[in-house]
Amino acid sequence: NVPRFKMGRDRDGNYLNHGDFSPSTGAIEEVMQSQHTIIVPDAQADENFSKRVSVQDLSLRTIICSPLMIKRRTSGLLYLDSSRNPLAAYTKSHINVLASLADQSAIAILNAQKFETHT
């Protein structure tokens, strides 16, 4: 399953068009394969991400990506990135909070889809 862009916003809160969305494909591939949340505090200094074309082209610093999981199946991704200052520090609790937010989002999306089919 290849993820499709559904909705996004820029740093000013404006909605993005499909053509304006340019994520780190490496981060997305890693999360789709591992089904685990990743936080890359400074992609420019990260051994696994610094040489990737999308990271270089977009001058990405911080990348955060979490799978939207329902019954061990990835139904989407929560993806954030920034070309501004790198994330100074994070802990395992940040990953847990993000993963929980992604899980709740997946459930909310599933419930909304069920509601749409019943109306």
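## Exercises on a predicted model

At 34% relative accessibility, Asp81 counts as partly exposed. Keep in mind as you work that this is a predicted model.

**Exercise 1. Describe the setting of Asp81: where is Asp81 found, and with which residues is Asp81 in contact?**

*Step 1.* Start with the secondary structure. Asp81 belongs to strand 3, which covers residues 73-82.

*Step 2.* Next, check the accessibility class. Partly exposed lies between the buried limit of under 20% and the exposed limit of over 50%, so the 34% of Asp81 puts this residue in the partly exposed class.

*Step 3.* Now list the contacts, setting aside neighbours within four places in sequence. Those of Asp81 are Ser22, Pro23, Leu60, Thr62 and Ile63.

*Step 4.* Look at the side chain itself. A polar contact of 2.7 Å joins the side chain of Asp81 to the side chain of Tyr79.

**Exercise 2. Take Gln35, a residue other than glycine with a positive phi: where does Gln35 lie, and is Gln35 buried or partly exposed?**

*Step 1.* Read the backbone angle: phi of Gln35 is near 60°.

*Step 2.* Gln35 sits in the loop that runs between helix 1 (25-34) and strand 1 (38-40).

*Step 3.* Classify Gln35 by its relative accessible area, which is 33%, so Gln35 is partly exposed.

**Exercise 3. Find the salt bridge: which side chains meet in it?**

*Step 1.* Begin with the count, which comes to one salt bridge.

*Step 2.* Name the partners. The side chains of Asp42 and Arg61 meet here, at 2.9 Å from N to O.

*Step 3.* See what the pair links. Asp42 is in the loop between strand 1 and helix 2 (53-57), while Arg61 is in the loop between helix 2 and strand 2; the two are 19 residues apart and connect distant parts of the chain.

*Step 4.* Classify each partner. Asp42 counts as buried because its relative accessibility is 19%. Arg61, at 25%, is partly exposed.

Technical notes: Residues numbered from 1 in each chain as written. Predicted model: local features only at pLDDT ≥ 70, side-chain atom pairs only at ≥ 80, totals over all residues. Heavy atoms only, no water. Helix = DSSP H or I, 4+ residues; strand = E, 2+ residues; numbered from the N terminus. Buried < 20%, exposed > 50% of the residue type's maximum accessible area, 1.4 Å probe, protein only. Contact = heavy atoms within 4.5 Å. Polar contact = N/O pair within 3.5 Å; in protein donor to acceptor, adjacent residues only side chain to side chain. Salt bridge = Lys/Arg side-chain N within 4 Å of Asp/Glu carboxyl O.
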